[in-house]
Amino acid sequence: MKYKKLRKMKNKNFKRAVGIPRVLFEILVMVLEPFFKEKQSKGGPKPKLCLEDILLMMLTYYRDYPTFFSLGNMFGLDESNAFRWVIWTEQVLSIAFEGMINIQLLDECSEQLVDVTECTIQRPKDSEKQREYYSGKKKKHTIKAQIIMNEKDKKILSVCFDKGSVHDFNIFKNTTKELPKFLHFLADSGYQGILDYFKNSMTPKKKSKNNPLTDEDKELNKLISSIRISVEHVNCQLKIFRVLSERYRSRISSFYLRFLLVCSFYNFCL
């Protein structure tokens, strides 16, 4: 469906179809417009699609994750043209949203929520890379994306990536070395040992055979989980874009760009 028909939808259905609110869509069109005019001024054949349809094509690729062959058929283009326009739109928006995710904006007085989400990728052909990207937890080849967000305003402040075989806590240790040690992080039980790095942080207590959880421990775990659920909800919102939730077919470097763009869309909506 092209933008001419889509624009007649109600705001709620528009967001369901595209993945972002109508207001953000219109802002993105304004961001792309000067770059689009500059591209046209350099000569060459006139584009078959208007700017709104070009943006819609990229968002359709993110939202539904079709092949470029199917995407081209949807919008009346050949496969290579669809690919080029999606790449062009991504590159322009990545420049426009640069700085939207910035750990320097971290509020030192509030709690920071941290979590890792795993995204399935195709099995690498190289046997060494197969071992590096294989996740024992998911029993698949994955990329791990660590999100740090502010509990107060729910804004994503940092996104870091690593291979599926790397433990969540190791990703955290490698990416937070420069942060102040008095910060307060809330993390899940996979981050045992975080107190050695950030003394004000908290994780749920684990029970063992000889040390069952007391009622106080259970209440504390419930409180931590009730606050941490926000970051799980954010991961869920990001993965309405199937490019992040289905088995990723393209280059891993392009995955990083697309994940950051989706996070920027989320932050912008806040």
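Before the first view, a quick word on terms: a residue is called buried at under 20% relative accessible area, exposed at over 50%, and partly exposed in between (1.4 Å probe, protein chains only). What you are looking at is a predicted model, where local features need pLDDT of at least 70 and side-chain atom pairs count only at pLDDT 80 or more, while totals for chains, interfaces and linings use all residues. Residues are numbered from 1 along each chain as its sequence is written, and side-chain values use heavy atoms, with hydrogens and water left out.

**View 1. The whole protein, to get your bearings.** The protein has 11 helices and five strands; helices (H or I, at least four residues) and strands (E, at least two) are DSSP runs, numbered from the N terminus. Its C-alpha trace spans about 70 × 45 × 35 Å along the principal axes. Of the 270 residues, 44% are buried. Take the contacts (heavy atoms within 4.5 Å) between residues at least 6 apart in sequence: 61% of them join residues at least 24 apart.

View 2. Searching the whole structure turns up 24 aromatic pairs. For a pair, rings of Phe, Tyr and Trp (its six-membered ring) need centres within 6.5 Å; planes under 30 degrees apart are stacked, over 60 edge-to-face, and the rest tilted. Phe97 and Phe265 make an edge-to-face pair, 5.7 Å centre to centre with 75 degrees between the planes. Phe97 belongs to the loop between α6 (79-96) and β1 (112-120) and Phe265 to helix α11 (residues 252-269), so this pair ties together parts 168 residues apart in sequence. Phe97 is buried at 9% relative accessible area, and Phe265 is buried too, at 2%.

View 3. Phe255 and Phe259 have ring centres 5.9 Å apart and planes at 45 degrees, so they count as a tilted pair. They sit four residues apart in helix α11, about one helical turn. Phe255 is buried at 0% relative accessibility, and Phe259 at 1%. Both rings belong to one aromatic cluster, whose members include Tyr61, Tyr62, Phe161 and Tyr248.

**View 4. Charges over rings.** Here a charge sits over a ring if NZ of Lys or CZ of Arg is within 6 Å of the ring centre and within 35 degrees of the ring normal. The charged end of Lys39 is over the ring of Trp85, 5.4 Å from its centre. Arg249 lies over the face of Tyr65, 3.9 Å from the ring centre.

**View 5. The largest nonpolar core and its neighbour.** In soluble globular proteins, nonpolar side chains tend to be buried together. A nonpolar core here is a set of buried Ala, Val, Leu, Ile, Met, Phe, Trp, Tyr and Cys residues joined through side-chain atoms within 4.5 Å. The largest one has 62 residues, and Phe25, Leu238, Phe259 and Phe265 have the most contacts inside it. Helix α4 (residues 51-64) gives the most to this core, with nine residues. Apart from it lies another core, of 14 residues, among them Val116, Ile148, Phe169 and Phe185.

**View 6. Helix α4 on its own.** This helix has 14 residues and reaches 20 Å from its first C-alpha to its last, close to the expected 20 Å (1.5 Å times one less than its number of residues). It is mostly covered, with 12 of its 14 residues buried. The buried ones include Leu51, Asp53, Thr60 and Arg63.

**View 7. Thr117 and its surroundings.** Thr117 is in strand β1 and is buried, at 8% relative accessibility. Beyond its neighbours within four places in sequence, Thr117 is in contact with residues including Ile143, Ala145, Asn235 and Phe259. Which side chain makes a polar contact of 2.8 Å with that of Thr117? The partner is Lys239. (A polar contact is a pair of N or O atoms within 3.5 Å; within protein, one must be able to donate a hydrogen and the other to accept it, and residues adjacent in sequence count only if both atoms are side-chain atoms.)

View 8. Phe69, in helix α5 (residues 68-75), is exposed, with a relative accessible area of 51%.
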